[in-house]
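I opened this entry to keep track of what I looked up, in the order I looked.

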Amino acid sequence: VRVNCDFELFFPCITGLWKINPKGGKPFELKRDYSPKIIITTNHAFNGEGASFRDRQFIIAYSDYYNEHYRPVDEHGELFFDEWNYEEWNRFYNFAALCLQIYFEHGLVPAPMEKVYQRRLRQQFGEYFLEWANNYYDKENIKDMKDGGDGHPNLGTPRDRKAMLENFHTMFPDQRRYMDARKFKVCVKKWCQYKKWVFNPKGTRIKNDGDDDKSGGVEYFTVAVKDQKINEVNSADNLPF
């Protein structure tokens with residue numbers, strides 16, 4: 001399936017009855033015991049969070065060990081299946097039988113999900129935002145270091161949300177119609193999760209991590225590395241980046 005496939009469309013089939021509409025025949029429904037399983041392959045991550053999505057999925061992620069530059073034939077010297085001899089087919093069938101035995105004894109064994117979660121987050125905030133955020137918080141791209149160059153002027157310091165959004169629109173003017181204030185805030189939070197950083201950490205004006213930071217009708221966003229000291233906001237120090 002393509003990127004941003006609506007997984008919720010499969011909900012009725014996964015947990016309900018399958019509606020069958022045979023050509024030239026009378027429609028009928030399959031009971032759950034006779035309903036087939038759905039296998040979906042994708043190069044992307046499904047959007048959607050919460051129990052309704054988690055309970056309907058069992059995700060298996062595959063690595064890119066083999067790719068366009070390194071194929072199975074490069075490692076094994078022959079094509080899978082087509083060039084196997086009796087001994088190799090025998091090893092394959094034994095491996096398949098062992099997998100079935102593990103399944104019958106232990107059920108589905110969860111696979112490592114860290115890369116899947118990271119890919120889902122990246123897909124949710126998008127490549128344009130990723131480029132902007134990496135640039136905005138990359139000290140090598142900051143021309144005026146207010147602290148003498150030892151630290152980062154944007155990290156750990158509250159920044160005007162409106163000014164940040166305008167900076168994004170300046171960098172990607174074509175995205176102005178797609179990125180509004182609400183979506184921008186969601187993307188900042190998702191990007192912090194992606195980086196394993198903290199959005200609006202507990203500090204000078206915030207009692208708990210993630211609280212809204214508003215003062216004088218202005219909303220501020222603070223992005224910080226964990227355990228980083230939070231700086232007090234100063235309007236004169238709001239850099240135009």
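What is the volume of the largest pocket? I noted a volume of about 2,000 Å³ for the largest pocket.

I am working with a predicted model, where local features need pLDDT of at least 70, side-chain atom pairs count only at pLDDT 80 or more, and totals for chains, interfaces and linings use all residues. Residues are numbered from 1 along each chain as its sequence is written, and side-chain values use heavy atoms, with hydrogens and water left out.

**Pockets**

I wrote down the term: on a 1 Å grid over the protein atoms alone, a pocket is an open set of points where a 1.4 Å probe fits, with protein on both sides within 12 Å along at least five of seven lines, and lining residues have an atom within 4 Å of a point. A volume is the space filled by probe spheres set on the points, which are joined across faces, edges and corners.

I found 45 residues lining the largest pocket, with Ile40, Phe58, Ile59, Ile60 and Ala61 nearest its centre. By class this lining has 26 nonpolar, ten polar and nine charged residues; Ala, Val, Leu, Ile, Met, Phe, Trp, Tyr, Cys and Pro count as nonpolar, Asp, Glu, Lys and Arg as charged, and the others, Gly among them, as polar.

The second largest pocket holds about 280 Å³ of space. I listed 13 lining residues for the second largest pocket, and Arg54, Ile59, Met113, Tyr117 and Arg120 are the closest to its centre. Its lining divides into seven nonpolar, three polar and three charged residues.

**Aromatic rings**

I looked up 35 aromatic pairs in the structure. Rings of Phe, Tyr and Trp (its six-membered ring) pair if their centres lie within 6.5 Å; planes under 30 degrees apart count as stacked, over 60 as edge-to-face and the rest as tilted. Phe81 and Trp89 make a tilted pair, 5.9 Å centre to centre with 45° between the planes. Phe81 is partly exposed at 40% relative accessible area, and Trp89 is partly exposed at 27% (buried is under 20%, exposed over 50%, partly exposed in between, with a 1.4 Å probe and protein chains only).

Tyr137 and Trp191 are stacked, because their ring centres are 5.5 Å apart and their planes at 20°. I noted that both Tyr137 and Trp191 are buried.

**Charges over rings**

A charge sits over a ring if NZ of Lys or CZ of Arg is within 6 Å of the ring centre and within 35 degrees of the ring normal. I recorded Arg56 over the face of Phe11, at 4.2 Å from the ring centre. Lys195 lies over the face of Trp197, at 4.8 Å from the ring centre.
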